[in-house]
Amino acid sequence: RAADEFEGFRFYFGDIHEHTGASGDGGSSDMGTCLRETDGLAGDCGSYLEVGTKARDNGLDFFATVDHVTSLEATTTAENYKAVFDLVNGMDDPAGGLVTLPGAEVFVELADGSDLGHRSLLFFGDQATLSALTQADVQPSGSTSNEVASCDVLTTFMDDLTARFGPALLLPHHPGVQKPMPTDWTCFDATYEPLVEVYSEHGSSLDIRSKFDIPWGAYAEEGTVRVAIDPSAYGLRMAFGAGSDNHDTHGGNTCRLDTVLDNHPYAAGLTVVWQPTADAFDRTAVFTAFNEHRTYATTGPMIPLVVEIRKGDGTLVGNMGEAVELATGQDLIVEARVPASSAAAVVDATAIGPIGAWRMIEVTPGTWSITIPAAEMPENVFVDVLVDNTIA
């Protein structure tokens, strides 16, 4: 198990966005064409039969495959989709240290061509129930078409799907990129979208002002996560996650560039789930963590992170992902901690609100803190931790 323990919690690392040759624009050495998009030459594709082995080799505790089931250019045959889905569903092995989430990716747009976004459909139910699922079940339009009549179609689609196959989520990804498609946050359902993928090989969708790993297809500011969570815009509450969106069956490798979609300049991110050390880790645990916002995103480093919110007098009022209430005039302390063994890797930390940002101070090795005065109290705050160093 790759999971780490820190301060009474265990941290689990996973790739929530892997593709195989079952995607029409993906490649596997044993399924699909492994050609580089830019020049048609052979890429370097892994085997879809070895996705579980690769996950373990990359130190993952969980992963999801989300091969395309809509879009004429990107979808695949029902047979290939079913082969990958059943393989991933069948290899779920929480006792052996690997949780698997079979899924699908859908593109969604309206009849007038308005983009609603790309979403990863992840399943968390039991293996026996999911074994009956087919590609036709995971197409919101009822076909490979991206077109739906309205956002309500997605809610109805998910209501029906979960009634038949158990818990499932429909998570937005690369929401802040102009190409291939930004997310329209007016089309949001909190029941099925508790987490957003803020980073992948497309780059960062977090904030157009950050200038960090700028999307290869340019920013779409209206779709960024910063706009989505801004109380003056949409005011949404979502957990942060990250994935690879890798298309050559090498998911979970955060240091490797895609050789099929080789115009994407970045490697991969991971989603980190944290929970009390004694709790069991399985599909239900991942589903619960996503819904309770007990996750964070990393662009690669597998470092445990604890974020706490305290009153000005030091009283603990909340952990990462929780909503808290403070009395008027109360200062806010934001504290972030990593294990001492990783302290040298953290070179900066910033608490970021809808408007302001507060540079945190390293008060002891691995512990960063800042007091936000009551007069500057943000309605929400997240922590941006910069890692840039070598550790043993």
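Modeller: The torsion about the S-S bond of Cys-151 and Cys-187 is about -140°, so this disulfide is left-handed. This is a predicted model, where local features need pLDDT of at least 70, side-chain atom pairs count only at pLDDT 80 or more, and totals for chains, interfaces and linings use all residues. Residues are numbered from 1 along each chain as its sequence is written, and side-chain values use heavy atoms, with hydrogens and water left out.

Colleague: What makes Cys-151 and Cys-187 a disulfide?

Modeller: A disulfide is a pair of cysteine sulfur atoms within 2.5 Å. The sulfur atoms of Cys-151 and Cys-187 are 2.3 Å apart, so the pair meets the definition.

Colleague: Which other cysteines are joined, and what is the handedness?

Modeller: Cys-34 is joined to Cys-45, with an S to S distance of 2.0 Å. The torsion about their S-S bond is about 95°, so that disulfide is right-handed. Cys-34 is buried at 17% relative accessibility, and Cys-45 is buried at 13%.

Colleague: How many disulfides does the rule give?

Modeller: The count comes to two. With bonded cysteines counted along the chain, the pattern is 1-2, 3-4. Cys-255 is in no disulfide, and the nearest cysteine sulfur, that of Cys-45, is 19 Å away.

Colleague: What makes Cys-255 buried or exposed?

Modeller: Its relative accessible area is 74%, so Cys-255 is exposed.

Key:
Buried < 20%, exposed > 50% of the residue type's maximum accessible area, 1.4 Å probe, protein only.
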